[in-house]
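These are my notebook entries from a first reading of the structure shown below. I went through it topic by topic and wrote down what I looked up.

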Amino acid sequence: MIGVPSATPDAANPLRQLTIAQLRQRTSLKWREYPDDVLPLWVAEMDVPLAEPVARAITDAVARGDTGYTAGTAYPQALAEFAHRRSGWDGLATERTALVPDVMHGIVEALRVITKPGDAVVVNCPVYPPFYDFVTHAGRRIVEAPLGEDLRIDVGALEEAFRQARAGGRQAAYLLCNPHNPTGVLHTAAELTSVASLADRLGVRVVADEIHAPVVVGGARFVPYLSVPGAENGLSLMSASKGWNLAGLRGALLIAGPAAAEDLARVPFEASVSTSHLGVIAHTAAFRDGGEWLDAVLTGLDDNRRLLAALLAEHLPAVRYHPGQATYLAWLDCRALGLGDDPAGVFLDRGRVALSSGTAFGTGGGGHVRLNLATAPELITEALRRMAAAVA
């Protein structure tokens, strides 16, 4: 096993409260996929203790024996209040929401309602790999609309993809990643309004994956897709999973715009009853009471973005990195290193650092890696040292 510096405990920064020894006791995917000599900076799990309000809500429920089926509207009410505080959005109506097990399963249920088998779903590549897997498994086909050179939505490419998807008069959907994973781009109100206008003109339904909405750079503001003009028939998926590290506590919300309310009635009953009651309790507590903890994480992530940029400039200056305004993910362009389409394989084999391979993110992902910044700065520093040594 290769030695790794331990994080210095910092009560103000949740990303610095756990040591490497404590993290290696975890049994979740991030820390069990690779041997102990590998630093895992790949899958979207955060190296943080559970937020105290969330932990308290779960333990209180267990103490009550409150482990039955989910009921009530506490979850959408908490999310609506959070959206008002953080985004100034008052359009989230609890009666236009439906519980789903998680965001990706909710996306599939939405696509099954608004499209038919064989219809096309447009995505902005490079994009979150499960978009490809889940859409294909649902019997729909992918049409790619590549991002622009600036990693933002290319409206021209999107229009071309919409027309291709609608060829023959077929139904089509656009699976929007907002904020975008892996680039960390935070879409603007103007960009999303252009998307809504284009989708309306060409008859494409929009489903927005907004799971990373709480994770934004200090001073920036997330714009919900359903908040922009023209998005009334859109659908959105939200949860506290990424903002509070709750992937293992299942529960998400499918949210309909005013003109899409009837679509919710066609979501199968089994989707909502498959949701974890403890998961709903956890997500509700996060949105209702976890704001102070989230702010501490966001401050730590800002520090980590600056640290990564400095370390790359010092050790791997050929790697291009544009810090995003959202998510805790860094998209690194390693093509100048001459490592081929899969530099993640080189960094793993030679440097014992696990990153997400860009090839899985679709067209435009070759030669890139995705690095998870939601960890202690000491681990990022050690990872960059190893990565530089791997290509020396």
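**Helix α15.** I began with the length of α15: at 1.5 Å a residue its 14 residues should span 20 Å, and the end C-alpha atoms are 20 Å apart, which agrees. The expected span here is 1.5 Å times one less than the number of residues in the helix, and helices (H or I, at least four residues) and strands (E, at least two) are DSSP runs numbered from the N terminus. The model is predicted, so I kept in mind that local features need pLDDT of at least 70 and side-chain atom pairs count only at pLDDT 80 or more, while totals for chains, interfaces and linings use all residues. Residues are numbered from 1 along each chain as its sequence is written, and side-chain values use heavy atoms, with hydrogens and water left out.

Next I asked how α15 sits in the rest of the structure. Of its 14 residues, 11 are buried, so α15 is largely enclosed by the rest of the structure; buried means under 20% relative accessible area, exposed over 50% and partly exposed in between, with a 1.4 Å probe and protein chains only. Among the buried residues of α15 I noted Pro377, Leu379, Ile380, Leu384 and Met387.

**Salt bridges.** I then looked up the charged pairs, taking a salt bridge as a side-chain nitrogen of Lys or Arg within 4 Å of a carboxyl oxygen of Asp or Glu. The structure holds 22 of them. In one, Glu378 pairs with Arg16, and the closest N and O atoms are 2.4 Å apart. Glu378 lies in helix α15 (residues 377-390) and Arg16 in the segment before α1 (20-23), so this pair ties together parts that are 362 residues apart in sequence. I also recorded that Glu378 is buried, with a relative accessible area of 16%.

Lys30 forms a salt bridge with Asp47, with the closest N and O atoms 3.0 Å apart. This pair links distant parts of the chain, 17 residues apart, with Lys30 in helix α2 (residues 29-32) and Asp47 in the loop between β1 (39-40) and α3 (52-64). Lys30 counts as buried at 1% relative accessibility, and Asp47 counts as buried at 2%.

Elsewhere, salt bridges that share partners join Glu159, Arg163 and Arg201 into one network.

**Nonpolar cores.** For this entry a core is a set of buried Ala, Val, Leu, Ile, Met, Phe, Trp, Tyr and Cys residues joined through side-chain atoms within 4.5 Å. Which members of the largest core touch the most other members? Of its 98 residues, they are Tyr174, Tyr225, Trp244, Leu308, Leu332 and Leu371. Helix α13 (residues 291-315) gives the most to this core, with eight residues. A second, separate core of 30 residues includes Val100, Val103, Leu175 and Leu264.

Leaving aside neighbours within four places in sequence, Leu308 is in contact with residues including Leu332, Leu371, Ile380 and Leu384.

**Aromatic pairs.** Rings of Phe, Tyr and Trp (its six-membered ring) pair if their centres lie within 6.5 Å; planes under 30 degrees apart count as stacked, over 60 as edge-to-face and the rest as tilted. I found eight aromatic pairs listed for the structure. One of them, between Phe82 and Trp244, is edge-to-face, at 5.7 Å centre to centre and 70 degrees between the planes. The two lie 162 residues apart, Phe82 in helix α4 (residues 74-87) and Trp244 in helix α9 (residues 241-244). Phe82 is buried, with a relative accessible area of 6%, and Trp244 counts as buried at 1% relative accessibility. Ring pairs link Tyr75, Phe82, Trp244 and Phe287 into a cluster.

**Val207.** My last entry concerns Val207, which lies in strand β6 (residues 205-209) and is buried, with a relative accessible area of 0%. Val207 and Cys177 are 30 residues apart in sequence and 8.7 Å apart in space, C-alpha to C-alpha.

How values were computed. Contact means heavy atoms within 4.5 Å.
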